[in-house]
Amino acid sequence: MAANRVGKTVAADVELTYHLTGDYPTWWEGKRFTKGNDWWVAGKDSSTVRGILQELLLGPVGEFGTGLVPKLSLDFDTLKDAKKADTPIDKFRVKHKSGGYSSVEFKSYDAGRKSFEGTSKSIWLDEEFPIQVYTECLLRTMTGDNVLMMTFTPLQGISETVMSFLGST
């Protein structure tokens, strides 16, 4: 949780790329995934997911591999349906240096809490999320070797989500 325009989303995108590829800098002291891993990457709505998160990771439609995930790591078979700039990517795979694959599935908060039900995943939530989505995501990370990353500015003031991190006064 930090101010606008300080690089939260880009920093998380870089970290996610390390996890997806397994290619960590020598100085990295954080969590390391030694094999392919599965992620949900979520934002406020499908437009912001496509225009910000998808583009930072992959690059624009037609120029995949110009984002943070290196072109040689992308499984282009999972991206073949994206033909127009307004085509959202549902999911894609990335080659992990272990020889397996990592996967990313994009989600949006406006689809509601139920769309976050499911299996064990690592998750990155970008922008302030409804508390119900957050609690559902915590459940997804309780088993396995999963993490939950969050990047947001408290634009909605002292919301229930913000208070869950700050506690009551």
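Helices (H or I, at least four residues) and strands (E, at least two) are DSSP runs, numbered from the N terminus. With the cartoon shown, follow the protein chain along its sequence: the pattern is α-β-α-β-β-β-α-β-α, with four helices and five strands.

This is a predicted model, in which local features need pLDDT of at least 70 and side-chain atom pairs count only at pLDDT 80 or more, while totals for chains, interfaces and linings use all residues. Residues are numbered from 1 along each chain as its sequence is written, and side-chain values use heavy atoms, leaving out hydrogens and water.

Next, select residues 8–21, which form helix H1. Its 14 residues reach 20 Å from the first C-alpha to the last, close to the expected 20 Å (1.5 Å times one less than the number of residues).

Is H1 largely enclosed or open? Ten of its 14 residues are buried, so H1 is largely enclosed by the rest of the structure. Buried means under 20% relative accessible area (1.4 Å probe, protein chains only). Show the side chains of the buried residues, among them Ala12, Leu16, Tyr18 and Leu20. Lys8, Asp13 and His19 are also on the buried list.

Now select what covers them: the cover includes helix H2 (46–58) and strands S1 (38–43), S2 (91–95), S3 (101–108), S4 (122–126) and S5 (148–151).

Finally, zoom out to the whole protein chain: of its 169 residues, 43% count as buried.

Definitions and conventions:
Buried < 20%, exposed > 50% of the residue type's maximum accessible area, 1.4 Å probe, protein only. Contact = heavy atoms within 4.5 Å.
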